[in-house]
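Hi,

Here is the structure I promised to pass on. Please have a look at it, and then read my notes below.

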Amino acid sequence: MPIYEYQCRKCQEVFEKIQKVDEGPESIACPYCGEWEPERVLSCFSSTKGSESTSSCGSSGSKGFS
């Protein structure tokens with residue numbers, strides 16, 4: 001199951017949730033304030049291949065793993 005990142009519409013906290021692809025935000029409550037239906041946000045990721053690395057966050061992203 002994928003990990004999705006959400007932001008609460010009420011308290012603005014960002015949190016992650018493991019859920020099925022066909023599940024929507026209507027079944028999720030914010031773990032900080034309890035508000036229902038948070039907004040799904042686009043997560044950054046980075047990957048490495050050999051000595052090169054790329055990041056979806058731009059040039060300030062991760063340079064790899066140690």
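**What turned up**

Please keep in mind that this is a predicted model.

Let me start with the overall layout. Of its 66 residues, 15% count as buried.

Next, the cysteines. How many disulfides does a search of the whole structure find? The search comes back with zero. For Cys 30, the closest cysteine sulfur belongs to Cys 11, and at 3.7 Å it is too far away for a bond, because a disulfide needs the two sulfur atoms within 2.5 Å. Cys 33 is in no disulfide either: its nearest cysteine sulfur, in Cys 8, lies 3.5 Å away.

Is Cys 30 buried or exposed? Cys 30 counts as buried, because its relative accessibility is 4% and the cut-off for buried is under 20%. Cys 33 has a relative accessible area of 33%, so it is partly exposed.

Now to the charges. Which residues form the negative surface patch? They are Asp 22, Glu 23, Glu 26, Glu 35 and Glu 37. One of them, Glu 23, sits in the loop that runs between strand 2 (14–18) and strand 3 (39–41). Glu 23 counts as partly exposed, because its relative accessibility is 33%, which falls between the limits of 20% for buried and 50% for exposed.

Best wishes

Methods:
Residues numbered from 1 in each chain as written. Predicted model: local features only at pLDDT ≥ 70, side-chain atom pairs only at ≥ 80, totals over all residues. Heavy atoms only, no water. Patch = residues over 30% accessible without salt bridge, like charges linked within 9 Å, V, L, I, M, F, W, Y side chains within 5 Å. Areas by Shrake-Rupley, 256 points an atom, 1.4 Å probe, with all protein chains shown as cover. Salt bridge = Lys/Arg side-chain N within 4 Å of Asp/Glu carboxyl O. Lys, Arg positive; Asp, Glu negative; His and termini not counted. Charge placed at Lys NZ, Arg CZ, Asp CG, Glu CD. Helix = DSSP H or I, 4+ residues; strand = E, 2+ residues; numbered from the N terminus. Buried < 20%, exposed > 50% of the residue type's maximum accessible area, 1.4 Å probe, protein only.
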